[in-house]
Amino acid sequence: CHTPCALCRSAPGFLLCHHCYHAPVTSLWVTALERQVEGTCDPECPQFLFVKVLASRGRLEAVTQQMGYHPQYLDSFLKTQHYLMHMDGPLPFDCRHYIAIMAAARHQCRYLVNLHVLQFLRAGGDPQWLRGLEFIPPKLRNLNEINKILAHRPWLITKEHIEKLLKISEWSWSLAELVHAVVLLAHCHALASFVFGCGCEQDEGLGGRGLPVSVQSLDSCMELDSLRERMQRIHVETEGRDEMRLLQQDREEGEGQGAEVGVQGGSSYTDGEVTGATNLACYMQDPDFGYQDFARRDEDQTQVFRVQDYSWEDHGFSLVNRLYSDIGHLLDEKFRMVDGLQSSAMAKRQGCEPSVFKRGIWNYIHCMFGIRYDDYDYAEVNQLLERMLKVYIKTVTCYPEKTNSEMFDRFWKQFKHSEKVHVNLLILEARMQAELLYALQAITQYMIS
């Protein structure tokens, strides 16, 4: 029997790191054998980051351990989250955590809600606020509308929503406060996708639930060969296809697969519904409001968002950094970090540049939110992403609470868990940037109107 490391022996409650043989189940959907194999093969060790987290929090959350498969990204993520939640900023500390609770509740993410409930109380928050939105100050309650829209249909955000929050009154927001709140909302919405997408364990002490751990195959060549062929065809074929056709086809495929994997377009939930989710209802209004395919939108109400007209690099970064000092640099570093993540195993097995594949996932996610890149051929998405992978990405991105272990098993059984975490990090960052682009564009339009 392997002896736990010194870090584990000294941790509160004898918490074991995932490099030890007796590692905790940080994901409900990854086997102990797979964790052991990956832990011995990864040349980069995240233990130093784990020590820092243990020193500051006294425990390692499942999200931290999952991201530990990619230590460079984890370092950037932890710096950004620490700045958002614990460093000087426009919003009081208790309000930051309550906003995080509101955001996580939109996706019924009990894991994040319970973490931030504890942090809210530690920050001196009023316990009465935890009874629901009716018991919080009107200023915070007024944030509910953009929380709802950003979480599910961010393309509906307008300068009128911004103006309503900023208008002079007893409960008005400042621009700096609103930018801080918007970044918090986008951060927690996207993090909820990661939590569900990776099957992060929800500790019993935090009111979580358990799901059966599935056995996954680590070796399969047939699907890899198929993927390699599709990626290589991109360099020799050009099939012009409008991104709206892509969305329409994706919607039809998703609905066709719904009965098979538990994905439905309506508001009803399957057997994979979060247990006791009704307890989170007090933190949100209009619970039936959810994601709707951008292709179904009212053509007169909104237009496709063109990155050439408003981008993070040229517009969003400078605005957010001016109104909330330094957060722009941290966010930009995180976006660049996930874009620069390399997986040597994936690259070798795919037989082509990983950047092509990563861009396909990123642009597909943005496409679901109506964001278009004029210099990208969306035919590549259909060649790169097989049907079950597209269903998985769409579910984790748009309604993560409906993700289940069967979907996780069926998407790339031949890939290691760390590679699936990599895909989920792309989902997290692409979704967060999409929400920020819409919100910051609305703030810009308000400022220049």
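# Loops, rings and helices in a predicted model

Asp-286 lies in the loop between H13 and E1; here helices (H or I, at least four residues) and strands (E, at least two) are DSSP runs, numbered from the N terminus. The structure is a predicted model, in which local features need a pLDDT of at least 70 and side-chain atom pairs count only at pLDDT 80 or more, while totals for chains, interfaces and linings use all residues. Residues are numbered from 1 along each chain as its sequence is written, and side-chain values use heavy atoms, with hydrogens and water left out.

**The protein as a whole**

The protein has 21 helices and 2 strands. It consists of 449 residues, and 57% of them count as buried, where buried means under 20% relative accessible area, exposed means over 50%, and partly exposed lies in between (1.4 Å probe, protein chains only). Of the contacts with a separation of 6 or more, 77% are made by residues 24 or more positions apart, a contact being heavy atoms within 4.5 Å.

Most residues other than glycine have a negative phi. Asp-286, although it is not a glycine, has a positive phi of about 55°. Asp-326, in the loop between helix H14 (312–323) and helix H15 (327–340), also has a positive value, near 75°.

| Residue | Relative accessible area | Class |
|---|---|---|
| Asp-286 | 36% | partly exposed |
| Asp-326 | 40% | partly exposed |
| Thr-403 | 4% | buried |
| Glu-435 | 0% | buried |

Thr-403 belongs to the loop between helix H19 (387–398) and helix H20 (405–410). Its side chain reaches the backbone oxygen of Pro-400 at 2.8 Å. Such a polar contact is a pair of N or O atoms within 3.5 Å; within protein, one must be able to donate a hydrogen and the other to accept it, and residues adjacent in sequence count only if both atoms are side-chain atoms.

**Aromatic rings**

The structure holds 15 aromatic pairs; rings of Phe, Tyr and Trp (its six-membered ring) pair if their centres lie within 6.5 Å, and planes under 30 degrees apart count as stacked, over 60 as edge-to-face and the rest as tilted. Tyr-98 and Tyr-283 are both buried.

Trp-155 and Tyr-291 form another edge-to-face pair, at 6.0 Å between centres and 85° between planes. Here too distant parts of the chain are linked: Trp-155 is in the loop between helix H9 (144–152) and helix H10 (159–166), and Tyr-291 is in the loop between H13 and E1, 136 residues apart. Both Trp-155 and Tyr-291 are buried, and together with Phe-294, Phe-369 and Tyr-399 they form one aromatic cluster.

The ring of Phe-289 has charged neighbours: Lys-148 lies over its face, at 4.8 Å from the ring centre, and the charged end of Arg-153 sits over the ring at 4.0 Å from its centre. A charge sits over a ring if NZ of Lys or CZ of Arg is within 6 Å of the ring centre and within 35 degrees of the ring normal.

Helix H21 (residues 417–448) has 32 residues and reaches 47 Å from its first C-alpha to its last, close to the expected 46 Å; the expected span is 1.5 Å times one less than the number of residues. H21 is mostly covered, with 26 of its 32 residues buried. Glu-435 is found in H21, and, leaving aside neighbours within four places in sequence, Glu-435 is in contact with Leu-150, Ala-151, Pro-154, Leu-185, Ala-186 and His-189.

Helix H7 (residues 110–122) has 13 residues, and its end C-alpha atoms are 18 Å apart, which agrees with the 18 Å it should span. Its buried residues include Arg-110, Tyr-111, His-116 and Phe-120. Among the elements that cover the buried residues of H7 are helix H4 (62–67), helix H5 (71–86), H6 and helix H11 (175–198). Just after H7, Gly-124 takes a positive phi of about 90°.
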